[in-house]
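Dear colleague,

Please find the structure below, handed over for your records. The findings follow it, together with the cut-offs on which they rest.

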Amino acid sequence: MSGMRYEAPGSVDEAVTLLADEKGVARVLAGGTDLLVQMRAGMISPDLVVDIKKIAETKGITANGGGFSIGASVSGAEMGEHAELTAAWPGVVEGAELIGSTQVQGRATMAGNLCNASPAADSVPALIAAGATCTVAGPNGQREVPVEDIPTGPGKTSLGNGEFVVDIKLPARPAHAGDAYLRMIPRTEMDIAIVGAGVNLVLDDSGTCTEACVVLGAVGPTTITVADAAAALVGSKVDEAALAAVSAAASAAASPINDKRGTVEYRTKVAGVLASRAAAIAADRARSK
Amino acid sequence: MAKQHITTTINGEEAEYLCEAQETLLDVLRDQVGLTGTKEGCSSGDCGACSVMLDGRLVCSCLVLGVEAEGKTVETIEGMADGEELHPLQQKFLEEAALQCGFCTPGVLVAAKALLDVNDDPTETEVRYWLAGNLCRCTGYDKIIRAVMDTAADLRGASA
């Protein structure tokens, strides 16, 4: 780790140039709650660390046209303190707030959680269910990318040389919309999900579901979007029969690993339980709006 | 790589140090600045022994680079007492024996103060979740939680 350089550029273009021009290993630093741990563990030895927290576009939460733009430097704690964001997207916020301790919440970012590309990333299922996109800046300019296209496998992303995520955008909400995220961990707090489930849905005035997205985390190498679970919700009143179908579809879609933290059988079962419970919570939230 | 010169504010006073880019704020506080009250436990953000306030936000100093503190304010356990007068949390931890070996105590105190600064009437559940990132291998936590709750009650009584 000797000889590492640190740069804190003030603009997106400077950051892209620094990252693209680096001949050795370059890493982006936002909250650092994964990067510094990986450096300490000797998993990576960056030649260059580019701190993006001084770039204006990565700061703050901006409401625009009913949606929100969340900068890549915004911590989980900042998200939880933002009343409008929490009211509009409680599931996205609760996913982000489940990451680590109070101390980690003061630093950890959703963009970092996304780009760390852990299959168990707590903020990602709800983001995908929400239809979130992110702004990727790189040597060829900026592009808007669906968040689910960023992680491609454990620890791997689709980001090219010199590219980094600048912000994450959540769309505007129609009436009667709700989302939720639940995870299962072997402990009460401070642990990594063995199953995560994010659900986002929209109801019409009569309470019938018109749109739904159900996304599982930690039961495959990347998140799993369960189309059959969404299909079971659309057209229903999100009643017991629909929730049972969601549960069955989620368990059928889960493809977990077996390890000391949870067996295949247990994770498969819990994927169904959490997906149906998250759908019920999302529907309750949608009905109250 | 030349060391970087960093100017920051630590416990209300301007401070300067030289550090390598990969050094953590924890290393800098202990080895360069000489503030050894902040403890190194796991160095991976799990135990909370290195808790400090960075620009008013509770963080693990092992997960912050020393160079990131440029132009920021850092508050450590050394800044908690007012001269010889202990902070009410420190006093209560002594009175109620909310520590044994004491290694986790600076981090616990910094974290607990951060909670009481934003919430003067936390529930036991709120205290337990807030302090979930501060590991203690001696007390079994009950005395810590009680001391924080009792301090909060005292502070509310004093300001009522």
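A residue is called buried if 20 or more other C-beta atoms lie within 10 Å of its own, exposed if 12 or fewer do, and partly exposed in between, with C-beta atoms placed from the backbone. The model is a predicted one, in which local features need pLDDT of at least 70 and side-chain atom pairs count only at pLDDT 80 or more, while totals for chains, interfaces and linings use all residues. Residues are numbered from 1 along each chain as its sequence is written, and chains are lettered from A and ligands numbered from 1 in the order in which they are written.

Chain A

Chain A contains 11 helices and 14 strands; these are DSSP runs numbered from the N terminus, helices being H or I of at least four residues and strands E of at least two. Its radius of gyration is 19 Å, close to the 19 Å of the globule rule for 289 residues, so chain A is as compact as a globular protein of that length. The radius is taken over C-alpha atoms, and the rule is 2.2 Å times the number of residues to the power 0.38. Along the principal axes, the C-alpha atoms of chain A fill a box of roughly 60 × 45 × 35 Å. Of the 289 residues in chain A, 53% are buried.

Two loop residues of chain A deserve a note. A:His176, in the loop between strand 10 (164-170) and strand 11 (177-184), has a phi near 55°, a positive value in a residue other than glycine. It counts as buried because it has 21 C-beta neighbours inside 10 Å. A:Ala218, in the loop between strand 13 (209-217) and strand 14 (224-225), is not a glycine either, yet its phi is positive at about 70°. With 30 C-beta neighbours inside 10 Å, A:Ala218 is buried as well.

Chain B

Chain B has 5 helices and 5 strands, which run β-β-α-β-β-β-α-α-α-α from the N terminus. The radius of gyration of chain B is 16 Å, close to the 15 Å that the globule rule gives for 160 residues, so chain B is as compact as a globular protein of that length. Buried residues account for 46% of the 160 residues in chain B.

In helix 1 (residues 25-32) of chain B, the residues B:Leu25, B:Leu26, B:Val28 and B:Leu29 are buried. The buried residues of this helix pack against strand 2 (13-19) of chain B. Just after the helix, B:Gly34 takes a positive phi of about 80°.

Helix 2 (residues 88-95) and helix 5 (residues 142-159) of chain B pack at an angle of about 130°, with their axes 9 Å apart. Axes are lines fitted to C-alpha atoms, for helices over the stretch in contact, and angles run from 0 to 180 degrees between N-to-C directions.

The interface

In all, 23 residues of chain A are in contact with 23 residues of chain B, contact meaning that the C-beta atoms of two residues, placed from the backbone, lie within 7 Å. On the side of chain A that touches chain B, strand 1 (5-7), helix 2 (35-40), strand 3 (48-51) and helix 6 (102-105) of chain A each supply at least two residues. The largest share of that side, 4 residues, comes from helix 2 of chain A.

Yours sincerely
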